[in-house]
Amino acid sequence: MSATGTLNTQKQVADRRARAPHTSMFARMLLRAAVLRRRRAAAALLAMIVAAAVATAMMNLYVDVQAKLRTEFRNYGANVVIVGKDGQSLPADALAKVESATGPGAKMLAVPFSYAVARTKDEQSVVVVGTDFTRARQLNHWWKVSHWPDEPNQALIGMRAANVVSPNRQPFELTFQGRPIELTPAGMLQTGAGEDSRIFLDQSEFQNWTGVSPSTIEVAVNGTAAEVESFMRQLAQILPSADVRPVRQIMEGEANVLNKTRATLYASATLVILTSALCVLATLMGWVFDRRRDFAIMKALGASESLVNGFFAAEAAAMGAVGAILGFFIGIGIAVWIGRANFHAPVVPRFSIFPYVFAGSVAVALISAILPITMLRRIQPAMILRGE
Amino acid sequence: MFPRIVYESFRHQARRKLLAGIAITLGVAVATAMIAVATDIGDKINRELRSYGANLVVTPQEDTLDVEVGGVNLKPPSDGAFLNEADLPKIRGTFWHNNIVGFSPMLPVTVKIGGGAKDVTLVGTYFNKPLHFGKQDFITGVRITHPWWKVSCGDGRLARPGRVEDSPAACWPNDDSQDILVGERLAAKLGKKPGDTLNVTGRQLTIFGILSTGAAEDDEIIAPLAVAQQILGKPGAVRRVYVSALTKPQDAFATQDPNTMTPEVRDRWYCSPYVQSIAYQLQEVIPHSHAEQIRQVAQNEGTVLSRIKGLMLLVTLAALFASALAVSAAMATAIFERRVEVGLMKSLGAGNLAVAAIFFAEALLLALVGGIAGFSAGALLARQIGRSIFNSQISIEPVLFPVILAIAVIVTFAGSAAAIRRAVKFDPVFALRGEG
């Protein structure tokens, strides 16, 4: 019993020894190389990390900046406008339908506008607009308003309209088809465009007075050109009585600037990523080349070509992998910081780019290991060991 | 002896020197290209932002209110004041005339078409009008200030909204002709196509093309300014002028009132291309006018511009950082490989200083050669980027050359310094025995 036990144990030990040394020796060589030359190894790893971090930050920015810039471009206001066909009013539920067209949480803002031509006391025609002030304020950031109306019967008066209806900011009277209304000016509006000649009222007050319902809905949709287009098709379907039109001035200007910025960013990101790959190549090649004595000793001790190649490749791959993982998280941090510093909004970390960064890092590391190895292969180990 | 060591080192280790030189060249090239792009991006994007159209509008000072709803003008046509067309070329005489990309006068007139009773707005403007002011000849009109206006002409095809092919210049009417453009919705309503004639208040005008803008003009007729003036019976009259100008993003200083400034401050304000100061200058050259920024365009371009500039600045910093690192890595590797040489020199009696001097001299040579090659390559790269993305040159300031060269030398030195220090400190005995 015991004899077989011992025999078994001895056999087990022999088996283990037969198998174990190879794997543990390989791992040990990898580990010792890194520990003994930690300065050089640290330098190579650092280059790897920096390169991976820069590449990650660039890729993350490239993807995210377009979304960020689109949000900035929405400050230009509506990019889609819905008007009743042939100057008709829109159906009463049009605004609700527009808002239900996209799911909740979609980046979309719809503002209704209704128009009427009223007369002042001295028979001057003036355009009065009914709208939702809270929404209009969000949509039209560029409106320069001295004070937004917050009480009943207060109106927002365009700069040029003010000189006609209420030069001293006094309350004034308007008539629409014989129906008068008394309004107090809340504040002045300045835009440099048509709005300056108009008077703005709250939609419900406007409707009570004139009976005119909204004829225009201005919509700001945040998204890519394709998303905006599909949203417009959707709107045209649910509002068959209305014309859904793109605001070409805004859409084309945005597309133009965005395309140029994207192209520039793409070119810059490519250059930066190439430079960091070059940095890795230079450092890792030095690191491998520097160890030509290890290489020579291994060969002198009878290591096969494939074992030596495998060793250096494994070392480079391990370095690439560790560098990629550490660099990825640092790069995400850089991208988030840039987003915060430049766009005042955090950049969303894109974990989907991790495989690319990982594969790229390992590939560059392997290339920078294989290049010096092929150069060394032609040299006799003895020459290297003699220090020539 | 010193120059000889350096010379021989380059002669015998050409491959290693080449590797380090290539790293420096590439690093400097990327840095140069990125700096050139980053310094020019503001100007380039500013020009691209002009595709949003005019950012200034000039109106008569004593104008009556516009009564306009949904593109239909309800204001009596001869009501209110007008600007004088003869004053317009003076826009080119303002201080910032080089920043004025273009301008378009507008004269809306309400007309009856087809002998019927239907009121339609006809707007007179410049399409592509050659003008001259003093010795300057220039071309201006809606083709410059309203780049999103698309005209489809001929072959019976009507432009579909959103999918209009870029029209060649031939589709735009001549400014001296009696040819008109008809908005696409109006054309569809009337069943007219290019080549037809349209009866506009008794005049037979030829439809040259169908205009698509996605705005009120789709229901209007656009005609040469002279035609609108003849219909209105007021030669030389212009209702308003849209001006497209390159401006500097506004800051607190820009919004100050020039009338309350001291003369020096006022000069500084006047000589900055803020949208406010350009408006002020337009008012000066066009009599009885009021110039105002179109806030939707003018207010937003500053933000977009500063975001893109900020982004490119950060990306450029990343590029500079990466190329500095690449250069130092290459230098460190190149020096580390030469410990044996250091050992030999030291055992022959060379001091640390002498050895370091040799390495620094080599680094300086490499940095200068790599810097010059890299600068030229970077300039080419920047030019290529400018041409392929912005269709215009990105020119490199000659001032940049010594700066780039200095940066290249500093980075190369910094990258070499640590490696040189270690190589010098290394015990010659170990180095010569090949250990380390």
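The bend at a residue is the angle between two axes, one fitted to the seven residues ending there and the other to the seven starting there. By that criterion α2(A) has a kink of about 35°, centred on A:Asp64. This is a predicted model, in which local features need pLDDT of at least 70 and side-chain atom pairs count only at pLDDT 80 or more, while totals for chains, interfaces and linings use all residues. Residues are numbered from 1 along each chain as its sequence is written, and chains are lettered from A and ligands numbered from 1 in the order in which they are written.

Helix α2 of chain A covers residues 38–73, which is 36 residues. From first C-alpha to last it reaches 50 Å, close to the 52 Å expected at 1.5 Å a residue; the expected span is 1.5 Å times one less than the number of residues. In total, chain A has 12 helices and 10 strands, where helices (H or I, at least four residues) and strands (E, at least two) are DSSP runs numbered from the N terminus.

The overall form of chain A comes next. Its C-alpha trace spans about 115 × 60 × 35 Å along the principal axes. The radius of gyration of chain A is 36 Å, whereas a compact globule of 388 residues would have a value near 21 Å; this radius is taken over C-alpha atoms, and the globule rule is 2.2 Å times the number of residues to the power 0.38. Of the 388 residues in chain A, 41% are buried. A residue is buried if 20 or more other C-beta atoms lie within 10 Å of its own, exposed if 12 or fewer, and partly exposed in between, with C-beta atoms placed from the backbone.

Chains A and B meet through 61 residues of chain A and 60 residues of chain B, two residues being in contact if their C-beta atoms, placed from the backbone, lie within 7 Å. Elements giving two or more residues to the chain A side include α2, β2 (108–119) and α10 (305–343). The largest share of that side, 24 residues, comes from α8(A).

A:Arg169, in the loop between α5 and β6 (172–176) of chain A, has a phi near 60°, a positive value in a residue other than glycine. B:His288 lies in the loop between α7 (275–285) and β16 (289–293) of chain B, and its phi is also positive, about 55°, although B:His288 is not a glycine.
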